[in-house]
Amino acid sequence: MDEHGNDGSGDAPFGLVTRSSRRLLAWPRWGDPDSLRRLAAAVEPIARTDAAALVLRFDPELDGDHDAALDALVHAFAEHYGEEIDLEVVLEDHPIAPSDLARIGAAVHGLLDLGDRDAAQLAPFGHAPLADANAVAAWLDALLLGADLDPLVREALDSLDDARALWIGGPGHGAAGRVTTELGGTARLAVVGPTREARRARAELFASPGSENVDWYDLAPSDALAFWDDPLELLVIDGSVGALAARRAFDGWRQHLLPGAYVVLLGASGTGTRWLEEEGFRLRSESGGSALLVAPLPAARAADGR
C-alpha cells in the first residue's frame, strides 16, 4: 500500500487525500492559458463556497513541465477571481496506465469537460461530463439535496444509548439534519469540524430537533484531543482522505475507545481496513465503500460477541 492508501487493486478507487467529501475532477490543457481560464470560470460554484474539492489530473508524460503548469494555474485563478479563495485543489500527478483512470473516476463525484480533451480521453473516468459553471452548480445542488447519512453511521449512532461518540469532519451539508434523528437514547455526539463545509453543516444540524445532544468543536482534531478525556463508544473517520491521514486520526483518538467500541471508516474502499483488522478490530459490515469495525473485547467478554 502506498502513501495514498492504494493497495494495487485495479478495482479500488484511487486514494485521494482531501478534506472534502465531494470532489470534482478536471483535466485541463496545462499549456493552454484559455483552458485554465475556462477552468477557473467553470468551478466558481465550488470556489466561492468551498463545498467540494477540485481534483486536477496532471499526466507527467503528456502535460509538460510540472512547475510551469502550476504557475499557469495560479495565474489563471488570480486573474479570474482577483482575490484569495478557499478552494481545496488536489493535484493527481501520478504516472498511471490509461486503464487505471477509472480508479480516479471512482474516487470523485463529477467530471468537468473544458472542451479541449477528446471524448475518448475522458470516457475512462466514467462520469457524464459537466460543461460549464451552470452545470457545476446544478451538480452541486443535486449532491447536497440528495445527501444522506451513510447507512453504517446510522447503524452505529442508533446503537448508542448513554454513550459518547466522536465524528472527525462531521456530516456533509444536506445530511446533517438527519444526525439527531439517528442518535440513540441519551447519547452525546461530538463533531470536530473546522472546515467551511463543516460550518455549513453545523448550521443545518443545530436547526434540527435534538441538537442539544451534539457538541461541535470548530477545531483541528489534534487541538480537540488536547482537552478530551471522555471514553468513546463510537469513532467516525473519513477514510477517503487516504491511509496515512486516517491512521493518524485514529492513532490520536484510540486511547479513548472503550472495548467493543465501533469505528466507522467512511470511504474506506480507498483506504482499506487491514491495518485495523491486524490490530484486532473485527469487521462487522461494509456498505457503499464504508466499513464498520468493532474494537477488541476483553477475553472474558469476547465469547458473547457484539
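View 1. Glu-286 is exposed, with a relative accessible area of 58%, where exposed means over 50%, buried under 20% and partly exposed in between, with a 1.4 Å probe and protein chains only. This is a predicted model in which local features need pLDDT of at least 70 and side-chain atom pairs count only at pLDDT 80 or more, while totals for chains, interfaces and linings use all residues. Residues are numbered from 1 along each chain as its sequence is written, and side-chain values use heavy atoms, with hydrogens and water left out. Glu-286 belongs to strand 10 (residues 282–287), strands (E, at least two residues) and helices (H or I, at least four) being DSSP runs numbered from the N terminus. Not counting residues up to four places away in sequence, Glu-286 touches Leu-152 and Ala-291, a contact being heavy atoms within 4.5 Å. From C-alpha to C-alpha, Glu-286 is 9.9 Å from Leu-266, with 20 residues of sequence separation. Arg-282 is also placed in strand 10 and, at 40% relative accessibility, counts as partly exposed; its C-alpha is 9.5 Å from that of Gly-260, 22 residues away in sequence.

**View 2. The surroundings of Asp-63.** Asp-63 is found in the loop between strand 2 (53–57) and helix 3 (66–81), and because its relative accessibility is 10%, Asp-63 counts as buried. The side chain of Asp-63 makes a polar contact of 2.9 Å with the side chain of Trp-27; such a contact is a pair of N or O atoms within 3.5 Å, where within protein one must be able to donate a hydrogen and the other to accept it, and residues adjacent in sequence count only if both atoms are side-chain atoms. A polar atom of the Asp-63 side chain also lies 2.6 Å from the backbone nitrogen of Asp-59. Leaving aside neighbours within four places in sequence, Asp-63 is in contact with Trp-27, Trp-30, Arg-57, Phe-58 and Arg-117.

**View 3. The lining of the second largest pocket.** Among the residues that line the second largest pocket are Trp-27, Arg-57, Asp-59, Pro-95, Ile-96 and Gln-121. By class, this lining has 8 nonpolar, 1 polar and 3 charged residues, with Ala, Val, Leu, Ile, Met, Phe, Trp, Tyr, Cys and Pro counted as nonpolar, Asp, Glu, Lys and Arg as charged, and the others, Gly among them, as polar. A pocket here is an open set of points on a 1 Å grid over the protein atoms alone, where a 1.4 Å probe fits, with protein on both sides within 12 Å along at least five of seven lines, and lining residues have an atom within 4 Å of a point.

**View 4. Helix 11 and its cover.** In helix 11 (residues 243–253), the buried residues are Ala-243, Ala-246, Ala-249, Phe-250, Gly-252 and Trp-253. Their cover includes strand 5 (164–168), helix 10 (221–225), strand 8 (232–238), strand 9 (257–266) and helix 12 (274–277).

**View 5. The start of helix 1.** A side-chain oxygen of Asp-32 reaches to within 3.0 Å of the backbone nitrogen of Asp-34 at the start of helix 1. Within helix 1 (residues 33–42), Ser-35, Leu-36, Leu-39, Ala-40 and Ala-42 are buried.

**View 6. Ser-211 between helix 9 and strand 7.** Ser-211 is placed in the loop between helix 9 (196–205) and strand 7 (214–217) and, at 12% relative accessibility, counts as buried. A polar atom of the Ser-211 side chain lies 3.3 Å from the backbone oxygen of Ser-208.
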